[in-house]
Amino acid sequence: MATKKTMTLNLTPEEMEVLEGLSAKKELSKTAVLRMALRFYQLIDVRFEQGQKLYFEDDEKKEKAELIFI
Amino acid sequence: MTTESFPICLLHKPTDTIVDAVLQTSIEEAQLEDWRNLWVPAREEGIKRCVSTKQIECIPQSYRWKWDKKIAYYDGILAKRTFSVVCNDRTEGLMLVTTPAFALEESQKGKPLVYVDFLETAPWNINGFLGQGEYRGVGSVLLRAAVLLSLQEEYQGRIGLQSLPDAEAFYSRLQMRDLGLEHSKEGLRYFEMTPIEANAFLTRGGRYEI
């Protein structure tokens, strides 16, 4: 397993509440949730830089919304 | 990403002997060179033979996969991980996975899993394509690596994949859950392994698996 580095993270109570909620819902440690989030964020960032777009699609309502990153 | 290597065993079918091999937690340039210089020519030879003997059904449906392009496209992306199986300095299997994707099976819905994007054994290992197949166990070694990665990522062993039609029997044999065609836009059957099934898969082991 690759070596890992430790850091301290400062979150607001609201951010911590969301993190704890996701951690419980996904049955993951808070570290695992943040690692997962980092992977999504990097993937989205790289694809945006390449000029690609990200959409949320609702099959039932036939709706498609583009996620805008600034 | 640091590459790690783990000893594994494969079955050499022509001699019915167990041989030592290595599972690598990456696909390096050496593997891509093997793909270009060994896999592609072997695949073309196999396709020619199948066409000349009118056995088109023996052509593996993964024959269009271009590993060099896949690896270049996902270079540096943390969500994508690669694995390879090497035996006697020759690449015998390749796999690309995504961490995370999310489970669709009812009891696990929304929970994270390792999604197997592509898994392929070398053309000379495919039974009926270039003879009886040289090494057996490459696919299950790679699938086992996906389950172990899932455990390491705290996903409890959950994995998922869409299977090409000619590989459906392989995933069914490994007792992955067949969730049918409704989850796939490409018309491929979707298979998942729940934590209980993943645990059973690892426990079953087998003499040709890690």
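Cys58(B) is partly exposed, with a relative accessible area of 22%. In this predicted model, the cysteine sulfur closest to that of Cys58(B) belongs to Cys50(B), and the two are 5.0 Å apart, too far for a bond. A disulfide would need the two sulfur atoms to lie within 2.5 Å.

Cys87(B) is also in no disulfide, since the nearest cysteine sulfur, that of Cys9(B), is 9.6 Å away. Cys87(B) counts as buried, at 1% relative accessibility. If you are wondering about the rest of the protein, a search of the whole structure turns up 0 disulfides over all chains.

## Where the two chains meet

Let's turn to the interface. Here 19 residues of chain A are in contact with 20 residues of chain B. The size of an interface is often given as the accessible area lost when the parts come together. For chain A and chain B, the buried area is about 1800 Å², and carbon and sulfur atoms give 50% of it.

There are 10 residue pairs in polar contact between chain A and chain B, counting pairs in which both residues are at pLDDT 80 or more. On chain A, the elements that give two or more residues to the side touching chain B are helix H1 (13–26) and helix H2 (30–49). H2(A) gives the most to that side, with 10 residues. Sorted by class, the side of chain A that touches chain B has 9 nonpolar, 3 polar and 7 charged residues.

## Salt bridges across the interface

Now for the charged pairs. Across the interface of chain A and chain B, 4 salt bridges are found. One of them joins Arg35(A) to Glu153(B), with the closest N and O atoms 3.7 Å apart.

Glu153(B) also forms a salt bridge with Arg39(A), where the closest N and O atoms are 3.0 Å apart. This pair crosses between chains: Glu153(B) sits in the loop between helix H3 (138–152) and strand E7 (159–163) of chain B, while Arg39(A) belongs to helix H2 of chain A. Both Glu153(B) and Arg39(A) are buried. Elsewhere, a network of salt bridges links Glu27(A), Lys111(B) and Arg158(B).

## Salt bridges within a chain

Over all chains, the whole structure holds 14 salt bridges. Among them is the pair Glu20(A) and Lys30(A), whose closest N and O atoms are 3.5 Å apart.

In chain B, a salt bridge brings together the side chains of Arg36(B) and Glu29(B), at 3.1 Å from N to O. Arg36(B) counts as partly exposed, with 34% relative accessibility.

## A buried serine in a loop

Ser26(B) is worth a look on your screen. You will find Ser26(B) in the loop between strand E2 (17–24) and helix H1 (29–52) of chain B. With 7% relative accessibility, Ser26(B) counts as buried.

The side chains of Ser26(B) and Thr3(B) are joined by a polar contact of 2.9 Å. Leaving aside residues up to four places away in sequence, Ser26(B) touches Thr3(B), Gln31(B), Thr82(B), Phe83(B) and Ser84(B).

## Backbone details in chain B

A few backbone features round out the tour. Thr99(B) and Pro100(B) are joined by a cis peptide bond, with omega about 0 degrees. Pro100(B) is part of strand E4 (residues 90–102) of chain B.

Asp16(B) is not a glycine, yet has a positive phi of about 55 degrees. Asp16(B) is placed in the loop between strand E1 (5–12) and E2 of chain B, and counts as exposed at 54% relative accessibility. Asp89(B), likewise a residue other than glycine, has a positive phi near 65 degrees. The loop between strand E3 (80–87) and E4 of chain B holds Asp89(B), which is exposed, with a relative accessible area of 74%.

Note on methods:
Residues numbered from 1 in each chain as written. Chains lettered and ligands numbered in written order. Predicted model: local features only at pLDDT ≥ 70, side-chain atom pairs only at ≥ 80, totals over all residues. Heavy atoms only, no water. Contact = heavy atoms within 4.5 Å. Buried area = accessible area lost by both parts, 1.4 Å probe. Polar contact = N/O pair within 3.5 Å; in protein donor to acceptor, adjacent residues only side chain to side chain. Helix = DSSP H or I, 4+ residues; strand = E, 2+ residues; numbered from the N terminus. Nonpolar A, V, L, I, M, F, W, Y, C, P; charged D, E, K, R; others polar. Buried < 20%, exposed > 50% of the residue type's maximum accessible area, 1.4 Å probe, protein only.
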